[in-house]
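Here's a walk through one protein chain, written for someone who likes cut-offs spelled out. Have a look at the model first, and then we'll go from the overall picture down to single residues.

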Amino acid sequence: MAGGRSPAPRRAAFAALGTLLFLACVFFFLSATTISTSAPNSPAARLAAVRRHAEDHAAVLAAYTAHARRLSVDSASQTESFLSTSSRLSAIASRLTLSTVALLEKEARGHVKRARALAAGAKEAFDTQSKILKLSDTVFAVGQQLLRARRDGQLNSRIAAVSTPKSLHCLAMRLMETLLLVNASSAAVPDAVVPPVPELTDPSLYHYAIFSDNILAVSVVVASAARAAAEPTRHVFHVVTAPMYLPAFRVWFARSPPPLGAHVQLLTANDFPFINASSSPVLRQVEDGNRDVALRELDYLRFYLPEMFPALTRVVLLEDDVVVQRDLADLWRLDMGGKANAALHTCFGGFRRYGRYLNFSHPAVQERFQPRACAWSYGVNVFDLLAWGRDQCTEQFDRLMEMNENGTLWDAASVLPAGLMTFYGNTAPLDKSWHVMGLGYNPHIRPEDIGGAAVVHFNGNLKPWLDVAFNQYKQLWTKYVDTDMEFLTLCNFGL
């Protein structure tokens with residue numbers, strides 16, 4: 001038809017539109033099918049989740065199986081459990097299909113639950129850090145049990161309440177585990193660590209007192225002093241520790257005896273029954289719940305030295321953070337001018353005088369002490385026990401502790417103020433070459449001062465057994481550590 005439109009383009013347009021509508025319907029249908037089959041509660045989704053859980057836990061148990069095979073015969077049952085559960089989970093994973101998912105889902109969940117329990121129970125056996133943390137928790141729990149027992153009047157032992165690095169807790173627990181194993185095998189820890197009685201009470205020998213729970217630190221003090229001595233067999237170290245650490249000390253010194261024939265006596269407060277709550281304000285305040293005194297209870301026992309060692313005439317007190325570099329025998333020949341105590345005075349240029357440590361707003365302090373009086377330091381102290389008894393220093397200390405029950409005279413968390421007051425006017429100065437301080441806080445001590453010192457003192461927070469210790473000083477301490485003791489590596493000491 002002339003002048004009319006051809007129907008062909010119109011038909012093509014309708015055909016194209018129909019094709020598009022058909023494709024859209026097909027796409028919508030396929031999308032809906034995909035969405036419906038991947039819904040969270042669909043059998044396929046449940047199948048994927050169960051398969052994933054089963055395969056993941058099977059892989060975990062397979063890894064633990066590889067570790068368990070390296071263990072001793074005692075782990076055979078554990079290995080069998082791992083293998084059995086792992087193989088069952090693997091079998092379930094291979095059998096899972098859409099038709100069986102409902103049937104096997106319950107069975108798979110049961111085995112997955114068992115796998116989790118097995119993995120959680122086995123983790124500690126393969127995780128050293130977890131074992132160390134558990135040992136630390138055990139030490140803390142034992143300490144709390146002792147504290148409760150003491151408050152119930154069952155014990156007169158010191159509670160190790162001070163915060164100690166986990167590596168030191170670990171070392172103590174490892175040593176005590178060794179003792180338990182030895183006892184279980186009907187063996188005995190050698191008694192060689194306890195010297196014959198004459199050495200313990202012979203006043204002609206050189207006697208030291210060390211009050212500490214730190215096994216490693218005490219071993220360094222003993223080893224360094226013995227190696228520096230001209231006559232090591234004449235040196236006797238009386239170590240007083242908490243009852244809970246005594247077995248660990250015994251194992252250490254049985255396996256690593258003092259060098260060169262030096263002697264060590266291991267003691268606790270239980271060995272001195274006369275130091276009790278009725279006779280000592282220290283013990284009474286601990287039992288009454290004075291936390292500050294309880295934290296330093298072992299340190300406060302130093303004020304009973306004449307009662308602890310009545311046969312001795314002179315004792316050198318060493319802190320556990322010192323290293324001895326020179327023979328100390330001359331300290332027993334030191335002229336103390338009739339004083340009960342000899343110590344390094346620390347009032348250079350107005351530094352560290354009594355006013356820094358005591359509460360001079362209290363009338364009892366104002367009346368008896370001068371704020372500008374020169375203070376001294378613990379670390380290396382020579383005590384003349386005869387002069388001590390003559391001047392009734394223990395009785396003086398007990399009276400001061402009674403007066404300071406509420407912490408009004410000095411901070412009871414520090415033992416130095418009690419010493420400053422007890423030995424006020426009764427302390428002879430030690431030459432500074434005997435005792436160089438500050439290796440735990442001062443990085444600028446002159447090398448010639450350190451080299452010429454009889455004793456170097458790591459007083460301060462940066463103790464040599466810690467990773468934060470000054471590198472330039474640390475070797476002075478670590479060279480006396482018995483690195484053959486395998487527990488040091490197991491307990492992560494950074495030596």
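Among contacts in the chain between residues at least 6 apart in sequence, what percentage join residues at least 24 apart? The figure is 75%, where a contact means heavy atoms within 4.5 Å.

Some ground rules before going further. This is a predicted model, with local features needing pLDDT of at least 70 and side-chain atom pairs counting only at pLDDT 80 or more, while totals for chains, interfaces and linings use all residues. Residues are numbered from 1 along each chain as its sequence is written, and side-chain values use heavy atoms, with hydrogens and water left out.

**Overall picture**

The chain has 495 residues, and 48% of them are buried; buried means under 20% relative accessible area, exposed means over 50%, and partly exposed is in between (1.4 Å probe, protein chains only). There are 20 helices and 10 strands, taken as DSSP runs numbered from the N terminus (helices: H or I, at least four residues; strands: E, at least two). The accessible surface comes to about 24500 Å², with 56% of that belonging to carbon and sulfur atoms; the areas come from the Shrake-Rupley method with a 1.4 Å probe, and for residues only the protein chains shown count as cover.

**Confidence**

The average pLDDT (the predictor's confidence in each residue, from 0 to 100) is 80 for the chain, and 68% of the residues score at least 70. Residues 32-38 fall below 50, and that stretch has three contacts in the model beyond near neighbours in sequence. Residues 126-135 also stay under 50, with 20 contacts beyond four places in sequence. Where pLDDT is low, the predicted coordinates should not be read in detail.

**Cores**

The largest nonpolar core has 71 residues; such a core is a set of buried Ala, Val, Leu, Ile, Met, Phe, Trp, Tyr and Cys residues joined through side-chain atoms within 4.5 Å. Leu171, Trp252, Leu318, Leu328 and Leu331 have the most contacts inside this core. Helix 8 (residues 215-228) supplies its largest share, 10 residues. Apart from this core lies another one, of 53 residues, including Phe303, Ala343, Trp376 and Val415. In soluble globular proteins, nonpolar side chains tend to be buried together.

Zooming in on Leu318, and ignoring residues up to four places away in sequence, you'll find that it touches Tyr208, Ala209, Ile210, Val221, Val324, Gly379 and Val380.

Helix 19 (residues 471-478) is worth a click too: Tyr473, Lys474, Leu476, Trp477 and Thr478 are buried there. Their cover includes helix 8, strand 5 (322-324) and helix 18 (447-451).

Asn214 sits in the loop between strand 1 (206-211) and helix 8. A polar atom of the Asn214 side chain lies 3.3 Å from the backbone nitrogen of Leu216. That is a polar contact, meaning a pair of N or O atoms within 3.5 Å; within protein, one must be able to donate a hydrogen and the other to accept it, and residues adjacent in sequence count only if both atoms are side-chain atoms. Leaving aside neighbours within four places in sequence, Asn214 is in contact with Leu168, Phe249, Asp320 and Trp465.

His263 belongs to strand 3 (residues 263-267), and its side chain reaches the backbone oxygen of Thr233 at 3.1 Å.

Here are the accessibilities of some individual residues.

| Residue | Relative accessible area | Class |
|---|---|---|
| Asn214 | 9% | buried |
| His263 | 13% | buried |
| Cys347 | 16% | buried |
| Cys393 | 3% | buried |
| Gln392 | 46% | partly exposed |

**The disulfide**

The structure holds one disulfide, a term that here covers a pair of cysteine sulfur atoms within 2.5 Å. Its partners are Cys347 and Cys374, with sulfur atoms 1.8 Å apart. The pair links distant parts of the chain, 27 residues apart: Cys347 is in the loop between strand 6 (341-343) and helix 14 (363-368), and Cys374 is in the loop between helix 14 and strand 7 (380-384).

Most residues other than glycine have a negative phi. Leu260, though not a glycine, has a positive phi of about 60 degrees, and this residue is found in the loop between helix 9 (246-255) and strand 3. Gln392 isn't a glycine either, and has a positive phi of about 55 degrees; its place is in the loop between helix 15 (385-390) and helix 16 (393-403).
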